[in-house]
Amino acid sequence: MNRFRVLVVDDEPLARGMVASLIRRDAEIEAVVESGDSASVPDLLARHTPHIVFLDIEMPGMDGLQLARLIDDSGPVILFIHA
């Protein structure tokens, strides 16, 4: 069975925690990494090589759409989240 690594990026702790909690319930998930700020995303992508990235659309600094542009087309699947 393939197991997936997931990165959840949302500046709202409650929203981020809820998404991460739901994802962790899936048996096919190997690891969930959470981040509350967009500045940490490039480092987290390099260190954890996630298969799936959940990006909040509205965040201080770079928003989810700007972050998505930094991710290579051969990179992880990107899903946008918004409260």
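Modeller: Here is a quick tour of the core, the strands and the helices.

Modeller: Keep in mind that this is a predicted model, where local features need pLDDT of at least 70, side-chain atom pairs count only at pLDDT 80 or more, and totals for chains, interfaces and linings use all residues. Residues are numbered from 1 along each chain as its sequence is written, and side-chain values use heavy atoms, with hydrogens and water left out.

Biologist: Fine. Which residues make up the largest nonpolar core?

Modeller: There are 12 of them: L7, V9, V33, V41, L44, L45, V53, L55, M59, L67, A68 and I71. By nonpolar core I mean a set of buried Ala, Val, Leu, Ile, Met, Phe, Trp, Tyr and Cys residues joined through side-chain atoms within 4.5 Å. Buried is under 20% relative accessible area, exposed is over 50%, and partly exposed lies in between (1.4 Å probe, protein chains only).

Biologist: And which elements each supply at least two residues of this core?

Modeller: Strand 1 (4-9), helix 2 (41-48), strand 3 (52-56) and helix 3 (64-70) do. Helix 2 gives the most, with three residues. Those elements are DSSP runs numbered from the N terminus: H or I of at least four residues for helices, E of at least two for strands.

Biologist: What else is there apart from that core?

Modeller: Another core, of 10 residues, lies apart from it, and its members include A20, I29, V32 and I81.

Biologist: Let's zoom in on L7. Is it buried or exposed?

Modeller: L7 counts as buried because its relative accessibility is 2%. L7 sits in strand 1 and touches V33, L44, L45, P50, I52, V53 and F54, leaving aside residues up to four places away in sequence. Contact here means heavy atoms within 4.5 Å.

Biologist: How many bridges join strand 1 to strand 3?

Modeller: Four, and those two strands run parallel. V6 turns up here as well, opposite I52 in strand 3.

Biologist: What do strand 1, helix 1 and strand 2 make?

Modeller: A right-handed β-α-β unit, with helix 1 at residues 13-24. Right-handed means that, with the strands pointing away from the viewer, the path from the first strand over the helix to the second runs clockwise.

Biologist: Which residues are buried in helix 1?

Modeller: R16, V19, A20 and I23. Down the axis of helix 1 they fall within an arc of 95°, so they line one face; the arc is that of the directions from the helix axis to the C-beta atoms. The face turned away from them carries the exposed residues L14, M18 and L22. Strand 1, strand 2, strand 3 and strand 4 (77-81) are among what covers the buried residues.

Biologist: And which residues are buried in helix 2?

Modeller: V41, L44 and L45. Their arc is 100°, so they line one face of helix 2. Exposed A46 and R47 are on the face turned away from that buried side.

Biologist: What happens just after helix 2?

Modeller: T49 takes a positive phi of about 35° there.

Technical notes:
Pairing = 2+ DSSP bridges.
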